[in-house]
Amino acid sequence: MSSAGASRAIRGRLLSFDADPRDEEIGRAVRYIEDGLVVIEKGLIREVGEASGLLKRLRPDTVVVDHRPHLVLPGFIDPHLHMPQTQVIASYGAELMEWLAKYTFPEESRYGDPAVAASASRFLLDELLASGTTTAGVFCTSHPESVEAFFAEAAERRMRMVAGKVMMDRNGPPALLDTPETGYQQSRELIRRWHGKGRLSYAITPRFAPTSSEMQLEAAEALASEFPDMHIQTHLSENEAEIAFVREAFPWSKDYTEVYERYGLVREKAMFGHCIHLSARELAALSAGGATAVFCPTSNLFLGSGLFDRESMRAADIKVGLATDIGGGTSYSMLRTAAEAYKVLALRGQKLPALEAFHMMTAGNAEAMGLDSRIGRLVPGHEADLVVLDSSATTAMRRRMERVETLEEELFALMILGDERATVATYVLGEPAYERGAARRQLPARQDHAPPQAAPGAGESAQ
């Protein structure tokens, strides 16, 4: 991982989750240390504990960074967003299908230009790091150049990222359409070049059923069969008009989910964005396949798509992720995303306590993405991606904190009032990737990554 010889220790109020607070007693689910230390060596967490004890045993060359009184958590994880949509955020007044045709498809058509894709990739990763997000599930465009640019930028920053080339061979402008053959071949070549390089993982990415023919879904099925441990990402049941479109396009299907089932795409590490309008049969199918439903509250509200039903997901034993869905989503911040999730669920008569929300943003999303053995918790052996948060980052937050008496109250106020301004620092593999107040892109850039080349065992999970 890191080539740095010296170890680093991050001091602050440590918060991490061993389980979902909804499923376990708080004492078993939540790890909170008022004055704690995370000791990092070669990019991995070596020790976590009380600062008073660990400080005495540090190596002489250890760099100690004292972030007290701020909170130190695992870096936020965002399982669903679109790299080429940073310039369509806040496009006015359309539901999903019109929004795609009017704004998104024309914008994405520009991404065959490597310079456009490289600029967007830099911008996106800057914004994510400024918001404390260190891992994401990313849709590029149908252009291989967009994936090349994104993975190259993520590799330079040594970030753990999951991304893929959108496969779409119909119902879009010519500049965005591939074919079943080119979609398969280009995806296969990108897998060869990038999957398992450093901390990068490829995701098989059919955009969604309305833009893929049955032949292209067969090509996605072939990729899924060749790479059984690989991520799959797509969209499911976001909008009523979309569902009607799928019903006409695939008249043999019982429902939207069965389209993906027929082609072997409902399985572990398959991430389905939205999942708002699902029948009992579809819930059972996602559960049986071990797939993940991804809750995208700001996007669902902005496009008027509907209200996610977290209780139904829980009853069906379906893994749930929480995501920004840039650019239907309206904020890069997972804090703001969680705040809107709270409101969506309130309209459903459901609750999202702060501890459950912070679990979702960290360990919960790591599990939803199948990455929980590597990231999402402050435990020895995990990769040292961290975010440092200031609960009093703004005047309004400072005033609110004057009346806060418990950690849960503090976290809830941080979630509701916070955004990227609360990010004090973000660490990737234990090294600073963002610091509040520092000029963007002026932090030391690492140049010790290897150029892309064929990865042996490309069907295996990224190491």
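Predicted model: local features only at pLDDT ≥ 70, side-chain atom pairs only at ≥ 80, totals over all residues.
User: Where is Arg 348 placed, and which residues does Arg 348 touch?

Analyst: Helices (H or I, at least four residues) and strands (E, at least two) are DSSP runs numbered from the N terminus; Arg 348 belongs to the loop between α13 and α14. Contact means heavy atoms within 4.5 Å. Not counting residues up to four places away in sequence, Arg 348 touches Ile 276, Leu 307, Phe 308 and Asp 309.

User: At what angle do α13 and α16 pack?

Analyst: Axes are lines fitted to C-alpha atoms, for helices over the stretch in contact, and angles run from 0 to 180 degrees between N-to-C directions. Helix α13 (residues 334-347) packs against helix α16 (residues 407-417) at about 100°, and the axes are 7 Å apart. Angles under 35 degrees count as roughly parallel, over 145 as roughly antiparallel, 65 to 115 as roughly perpendicular, and the rest as oblique; α13 is therefore roughly perpendicular to α16. On the α13 side the contact is made by Leu 335, Ala 338, Ala 339 and Tyr 342, and on the α16 side by Phe 412, Leu 414, Met 415 and Ile 416. Nonpolar covers Ala, Val, Leu, Ile, Met, Phe, Trp, Tyr, Cys and Pro; charged covers Asp, Glu, Lys and Arg; the others, Gly among them, are polar. By that division the contact of α13 with α16 has 8 nonpolar residues, no polar and no charged.

User: In what order do the strands of the 7-stranded open sheet stand?

Analyst: Strands of a sheet pair through backbone hydrogen bonds, either parallel or antiparallel. Two strands are taken as paired if DSSP finds at least two bridges between them. Here the order is β3-β2-β1-β4-β14-β15-β16, with mixed pairing. β3 (44-50) and β16 are at the edges with a single partner strand each, so one side of each has no neighbour in the sheet. Neighbouring strands are turned by 35° against each other on average, direction ignored. Helix α14 (residues 354-368) packs on this sheet and touches β1 (8-17), β2 (30-41), β4 and β14, its direction making about 125° with that of β1.

User: How many bridges join β15 to β16, and which residue between these strands takes a positive phi?

Analyst: β15 and strand β16 (residues 431-435) run antiparallel and are joined by 4 bridges; Val 428 stands opposite Glu 431. The hairpin has 2 residues between the strands, and Leu 429 takes a positive phi near 50°. Leu 429 is buried, with a relative accessible area of 2%. Towards β14 (residues 386-389), β15 again has 4 bridges and an antiparallel run, with Thr 423 as the bridge partner of Leu 389. In β15 (residues 423-428), 6 of the 6 residues are buried, so the strand is largely enclosed by the rest of the structure.

User: Which residues cover the two faces of β12?

Analyst: In a regular strand the side chains alternate between the two faces of the sheet. In β12 (residues 292-295), Thr 292 and Val 294 are on one side, Ala 293 and Phe 295 are on the other, and all are buried. β12 runs parallel to β11 (residues 270-274), with 3 bridges between them.

User: Where do cis peptide bonds join residues?

Analyst: The bond from Arg 68 to Pro 69 is cis, with omega near 5°, and Pro 69 is in strand β4. A cis peptide bond also joins Ile 326 and Gly 327, with omega about 0°; Gly 327 is in the loop between β13 (319-322) and α13.

Key:
Residues numbered from 1 in each chain as written. Heavy atoms only, no water. Buried < 20%, exposed > 50% of the residue type's maximum accessible area, 1.4 Å probe, protein only.
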